[in-house]
Amino acid sequence: MPSRAETEDVPDGAQAFWLRAPGHGEIRPVALPEPGPGDVVVRTLRSGVSRGTEALVFRGGVPAGQRAAMRAPFQEGDFPGPVKYGYLSVGSVRHGPPELLDRTVFCLYPHQTAYVVPAGAVTVVPDDVPPARAVLAGTVETAVNALWDAPPLVGDRVAVVGAGMVGCCVARLLARFPAVQVTLVEVDAARAPVAAALGVGFAAPQDTAGGCDLVVHTSATSAGLQTALDLLAPEGTVLDLSWYGDAEVRLSLGGAFHARRLGIRASQVGTVSPARSARRGTGARLALALDLLRDPAFDALVTGASHFDELPAVMPRLADGSLPALCHTITYDGTGPCSA
């Protein structure tokens, strides 16, 4: 394999987005290491901002006791900051094994214009999945793991409470199960067209019929989790995908919770669901997520884009909700030392 210096269009420097302190981001120069024989050099095409988790990180809301569990695969620094955090990156391999060279790949890497990682850390994006849609791979992977944890049965009535990135990805996958009735439950009526694009029903919490066989909760609020419990049929289960950070969760469990034998089950993507862990690893799960993204309905979740240079100004607006978005993507062409 030729050295990086002998290969055209391979950067030796990059720029990265860092959270300097809660609420304050900045762009820093990065010197890329010389790749080893098992490494790839990736020039970033797009990255995605995971609004729920990244907004929580940006605000400094990661509890001290969860900081180790919350580390991203290629994170640098520590919570609450300075920290380089993120995990939805799509790029082009500029140096590496012949079978990966010039391929578009997904990697669980923070927002950075180029990076060097082991070849095993990237997953090839199908040719018919555009980079802007491919940034959803990590979120669809979360949805896949959740439906391994608690799959619906044919003909079930299912509600998904919370129409953020994760909730919408779960809803779209559920819509593909035979005879399963899916309703996306959300307080923001502006998400109704998104539900229609995903092929599922839509309802405000107060207008939702109960009696659900399964409820998936993703709103990361006490009110949303209470709504999820209230929608269950007797002996039903809420599958909770929310990450609450340091927020206190309050529930009313003195009513029908015990009499109806309701359950709350957590799902988390950090480990493969026990239902599939004996036969599937994280690589196979991510490859499945990318294959599912051949579905153009997921384009409804990509709701905005900003250039990498704008990230220090964009992240505060995404974190406080003044810039509404589901998946806000970051573009990289023509950025700093990685310009083509």
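Predicted model: local features only at pLDDT ≥ 70, side-chain atom pairs only at ≥ 80, totals over all residues.

Modeller: Residues are numbered from 1 along each chain as its sequence is written, and side-chain values use heavy atoms, with hydrogens and water left out.

Biologist: How is the packing of two helices described, and at what angle do the axes of α3 and α4 cross?

Modeller: Two packed helices are described by the angle between their axes and the distance between the axes. Helices (H or I, at least four residues) and strands (E, at least two) are DSSP runs, numbered from the N terminus. Axes are lines fitted to C-alpha atoms, for helices over the stretch in contact, and angles run from 0 to 180 degrees between N-to-C directions. Here the axes of α3 (residues 137–149) and α4 (residues 165–175) cross at roughly 60° and come within 9 Å. That makes α3 oblique to α4; angles under 35 degrees count as roughly parallel, over 145 as roughly antiparallel, 65 to 115 as roughly perpendicular and the rest as oblique.

Biologist: Which residues of α3 and α4 make the contact?

Modeller: Contact means heavy atoms within 4.5 Å. On α3 the contact is made by T139, V140, T142, A143, V144 and L147, and on α4 by M165, V166, C169, V170, L173 and L174. By class, this contact of α3 with α4 has 10 nonpolar, 2 polar and no charged residues. Ala, Val, Leu, Ile, Met, Phe, Trp, Tyr, Cys and Pro count as nonpolar, Asp, Glu, Lys and Arg as charged, and the others, Gly among them, as polar.

Biologist: How does α3 lie relative to α8?

Modeller: The axes of α3 and α8 (residues 282–292) come within 8 Å and cross at roughly 110°. That makes α3 roughly perpendicular to α8. Among the contact residues are V140, V144 and W148 of α3 and L286, A289 and L290 of α8. The contact of α3 with α8 has 9 nonpolar, 2 polar and 2 charged residues.

Biologist: How does one read aromatic rings, and how many aromatic pairs does the search find?

Modeller: A pair of aromatic rings is described by the distance of the centres and the angle of the planes. Rings of Phe, Tyr and Trp (its six-membered ring) pair if their centres lie within 6.5 Å; planes under 30 degrees apart count as stacked, over 60 as edge-to-face and the rest as tilted. The search of the whole structure finds 5 aromatic pairs. One of them, Y85 with Y87, is edge-to-face, at 5.9 Å centre to centre and 90° between the planes. Y109 and Y115 are stacked, because their ring centres are 4.1 Å apart and their planes are at 10°. F74, Y109 and Y115 form one aromatic cluster.

Biologist: Is α1 largely enclosed or largely open?

Modeller: Buried means under 20% relative accessible area, exposed over 50%, partly exposed in between (1.4 Å probe, protein chains only). Helix α1 (residues 51–58) is largely enclosed by the rest of the structure, because 6 of its 8 residues are buried. These buried residues are T53, E54, A55, L56, V57 and F58, and they pack against β1 (13–21), β2 (24–31), β3 (39–50) and α9 (311–320).

Biologist: Where is L301 placed?

Modeller: L301 lies in the loop between α8 and β16 (302–307). L301 is buried, with a relative accessible area of 0%.
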